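Here's a quick briefing to read alongside the model.

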Amino acid sequence: TLADGRAMVLAVREIPYTRALLVVGVPRADLDRPMLTIQANLISDLSIAIATIVLILWLGLESFVRPVLTLAAAARRMGDGRFDIAIDSQRWASEFQTLATAITAAALNLASRAQADAEARASLRAQSLEDPLTGLKNRRGLDLYVEFEWRICRRAAAEFAVVAFDIDYFKQFNDCYGHAAGDQALRAVA
């Protein structure tokens, strides 16, 4: 430290072939200033690099990751049989918009088919339980209906009765008057 209070950094070197020493002094503040400038520049450059990386990641998230995740979620919903899919793809790249439109159209198509399949199954179930000529329950329909009614009557401690009809000599009637007349007679009896 010098008399004026400045701190000095000294370097001492022996001068060859003499008994003299070379002493060089540099004020400490002059040595610290470039280091502080380097640190400040490094922090500034590092901040810019981090901000750039964050921006690239955010843009990647918005332009690639988010559309892929959204489309994957829509595909999972369709796989689970849920077709109420609405994908907002207005801010996406055109490739993802095309894919979102195709997935939405497929979901609508599958929903329509699922509805048609459900209606067909219901119709087939009804047809499997009724005689198409008379509209009466067939054996399978009668069995289900009797079981259902039996449980209700059992719970309510109510009585239960089944009435069955047999048309005697119906084959001879059919043979004599024809199947159209036989069908008409069955509808009348039903």
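Is Arg 77 buried, partly exposed or exposed? Arg 77 counts as partly exposed because its relative accessibility is 26% (buried is under 20% relative accessible area, exposed over 50%, partly exposed in between, with a 1.4 Å probe and protein chains only). Keep in mind that this is a predicted model, where local features need pLDDT of at least 70, side-chain atom pairs count only at pLDDT 80 or more, and totals for chains, interfaces and linings use all residues. Residues are numbered from 1 along each chain as its sequence is written, and side-chain values use heavy atoms, with hydrogens and water left out.

**Salt bridges**
- The structure has six salt bridges (a side-chain nitrogen of Lys or Arg within 4 Å of a carboxyl oxygen of Asp or Glu).
- One of them links Arg 77 to Asp 84 at 2.5 Å, N to O; Asp 84 counts as exposed, at 57% relative accessibility.
- Arg 6 pairs up with Asp 4, with the closest N and O atoms 2.9 Å apart; Arg 6 is partly exposed at 43%, while Asp 4 is exposed at 53%.
- Arg 139 bridges to Asp 143, with closest N and O atoms 3.2 Å apart. Both sit in helix α3, four residues apart, or about one turn of the helix (helices are DSSP runs of H or I, at least four residues, and strands are runs of E, at least two, numbered from the N terminus).

**Hairpin**
- Strands β1 (residues 8-14) and β2 (residues 21-27) run antiparallel, joined by seven bridges (strands pair if DSSP finds at least two bridges between them).
- Arg 13 has Leu 22 of β2 as its bridge partner.
- Six residues lie between the strands of this hairpin, and Tyr 17 in the turn has a positive phi of about 65 degrees.
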